[in-house]
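User: I'm new to this structure and would like to learn how to read it. Could you walk me through a few features?

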Amino acid sequence: MSKMRWANSGVRLQTAKALVALFIVAGCAPNVHSAAVRGTGYVRMDEVVKHHPLYSQLSQLDDAIAAINLQAAGPRVPLGAQQIAAQTAELNRELRAAQDRANKILAQKQREYVQREQQADQAALAAAGVHGSGALAAQQLSNTSAAQAQQAAQAANADFQAYQQSVVAQNNAASSSVVKQLQTQAEQKYRAKAEQLQQNETDLSLRLTQQDAAARLAIKMRLSNLAMDPAARRQAQAQLDDINNREASQMLAQRNADAATLRAYRAQLDRETGGAIRSQVGAIQAQTTAKLQEHRNEVGTQLRSLGGAPALPANLSPNVTAELARIHRQFVGQFQADAGKTINEYNATKSDLDRQFAALHGADVGATGAAAKELGSLQKRRVELYQQILNQVERDASRIAKDRGFSIVFVNIQAAVGGYDMTNLVIQDIESQHE
Amino acid sequence: MNLRPAILFAVATLLGALLAPGAIAADLTDVGFVDQAELANLPVFVNANRALASYKAQLDAQYNGQLRRARTDAQKQQITLQFQQQFNDKQREIVGPLFQRAQLAIAAVSSSRNISVVVDKRIVIYGGQDVTKDVETIFSSPQAVSPPVSTPPPSEIGFVDQSVLDGIPKVQNANTAMSQFESTQRQLYSAKMAQARSDSDRKQIMQQYNKLVADKQDELLKPLVDQTQRATAEVARKKNLLLVVDRADVIYGGSDITADVQNALGK
């Protein structure tokens, strides 16, 4: 009798629980056929995407794309390594042409002034009644040449030192640019490898989740049954734990393998980059040495063209000597002024070329052609990943819509007065699949 | 205690609530969709697009040449407008008749199926009537397609033309201010990025830049976006619409509420 009462009260308790559950379900579930909903649902896709497990990867890609775009927004025109090499060669050609031009003009001017001074000396000597004026004028000319040679040698030495400093600075800029470029390339390769491995891990995670989705959902539905007895609940929970553990252990194994691959790849890249840096920087230094040697030879040629200086004869009157000295000063002054213009023009050209050279080598070589390539690759991956997320969200939303009896479900709506917002349902569903 | 009457009462109340006449209405079934990507793969569209692309390539070469010779920004702008106009004319000439025929085919299918609105497939993820194949059949038939005798029936799906709303002076001003702000900041932060020495520095700079832009968006654009959404919902409520989508996603029919939203925002 007492047992019967207990049994009856158990049945009543179960019925009451079922009723409560019925009310809860009725209270939570949308009435999809009401006048306000009319079988119409909508999903705020942007919101759902933010809750997708792959969203963090999508954000990383977005950040990487934005970073490259931000770097590219600078005023520099991106150039590839080959373009830089070609433009450097062109600048060097222009520099050599400017040097040759300046040397030729100086030599021409020198000849002209020598001739004019010679004529002035002859006229002065003839006026003073001195014979053998031609030889004397030649000696005077040699004097002029000797003084000019000394001045030119000083100028040429100063120019050579400036050139040396400039070439060494260019060498340093080019070397550091090459080092930076090679290191950036290595870093990009490493990042690409890391991203590829990460993508593989994500794919595996998604594959495992999809593979177990049906089983997981079935177990969860069983677990959501309030009337389930404790033993069955424990068994179901154990099955769920098994699935989770199996997935976790597969993921862990994959992660460990990937980490080892990455370590090995880093070591390989370091070796390759170190070798490439030594080789390329060595080549730049060899070029620098050759350039300096070439310029030294040019300076030597220039000095030789100015000639030597024999001694003056001692039998000239003081007046004639003074007159010849005045003529000499006059022509030296005129020559220096005239030659100075040519040298200034050459220096201006050289400064301009140096500036262009520095700007060219100051450009971030690593963030140019390679960056554009990386940007393209990142954008492609972003599109693919986003599509992957969308596909899953659409599949899940469609299943929910079908289960709940919706007639149509929209995305990307501007405003809703009616219809049912399925966003949270889809978010819950996606999160439950990836717990 | 006997629970049976209470259970019966509860179930009856629940069923009553669920099945009350006011709570039940016919589902929305007069919505169709077209897969425009599939239509674009029809040979006539493919050929037309190819011809247009070839024309554009020629035009681009001329455009770049003229742009290089332009001395002022005003000249550049004029050249750009002129070439844009030329391209639009050609587009109308080549693709216009095809679009017109496709529109007639969509209207014919909608009329025969009592569809009040046809939208792009991208915005329907479940249900609705897929009319793509029917449209393709009519479009590809050799006969001329006649326009339907009646206009589409009123739809509970509304749409707004975002490009028109963007033209409202206050929206336009806000968008311009935002663009200028972004442009200036991009230059500044780009220079900072160029000086960054490590990935961590670059990440920090990016975060600062993103926050700056997001804050400015919240300040300049968000109030207008919220206002537009409220105005759109209010107009939709008055017109007994269920949902409002973007004009760009509507291919046929639907209720255009752009002017009403524009007026509401202009107040």
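Analyst: Happy to. Let's begin with burial: a residue is buried if 20 or more other C-beta atoms lie within 10 Å of its own, exposed if 12 or fewer, and partly exposed in between. Keep in mind that this is a predicted model.

User: What percentage of the residues of chain B count as buried?

Analyst: For chain B, with its 267 residues, the figure is 22%. The chain has ten helices and eight strands. Take the contacts in chain B between residues at least 6 apart in sequence: 84% of them join residues at least 24 apart.

User: How do I read two packed helices?

Analyst: Two packed helices are described by the angle between their axes and the distance between the axes. Here, look at α3(B) and helix α4 (residues 73–112) of chain B: they pack at an angle of about 165°, and their axes are 10 Å apart. Angles over 145 degrees count as roughly antiparallel, so α3(B) is roughly antiparallel to α4(B). Their crossing is right-handed.

User: Which residues make the contact between α3(B) and α4(B)?

Analyst: On the α3(B) side they include V44(B), F45(B), L59(B) and Y63(B), and on the α4(B) side I79(B), F83(B) and L98(B) are among them. Sorted by type, the residues of this contact come to 15 nonpolar, three polar and three charged.

User: Let's zoom in on Y63(B). Is Y63(B) buried, exposed or partly exposed, and why?

Analyst: Y63(B) counts as partly exposed because it has 18 C-beta neighbours inside 10 Å. You'll find Y63(B) in helix α3 (residues 43–69) of chain B. Leaving aside residues up to four places away in sequence, Y63(B) touches I79(B) and F83(B). Compare sequence and space, too: Y63(B) and Q82(B) are 19 residues apart in sequence, and their C-alpha atoms are 9.3 Å apart.

User: And how should I read a sheet?

Analyst: Strands of a sheet pair through backbone hydrogen bonds, either parallel or antiparallel. In this model, four strands form an open sheet with mixed pairing, in the order β4(A)-β1(A)-β2(A)-β3(B). At the edges stand β4 (420–421) of chain A and β3 (124–127) of chain B; each has a single partner strand, so one side of each is left without a neighbour in the sheet.

User: How do β2(A) and β3(B) pair, and over how many bridges?

Analyst: Strand β2 (residues 408–411) of chain A pairs with β3(B) in the antiparallel sense, over three bridges. To spot the pairing on screen, find I408(A), which stands opposite G127(B) in β3(B).

Terms used: Residues numbered from 1 in each chain as written. Chains lettered and ligands numbered in written order. Predicted model: local features only at pLDDT ≥ 70, side-chain atom pairs only at ≥ 80, totals over all residues. Helix = DSSP H or I, 4+ residues; strand = E, 2+ residues; numbered from the N terminus. Contact = placed C-beta atoms within 7 Å. Pairing = 2+ DSSP bridges. Axes fitted to C-alpha atoms, helices over the stretch in contact; angles between N-to-C directions. Parallel < 35°, antiparallel > 145°, perpendicular 65-115°, else oblique. Left-handed = near helix turned anticlockwise from the far one by under 90°. Nonpolar A, V, L, I, M, F, W, Y, C, P; charged D, E, K, R; others polar.
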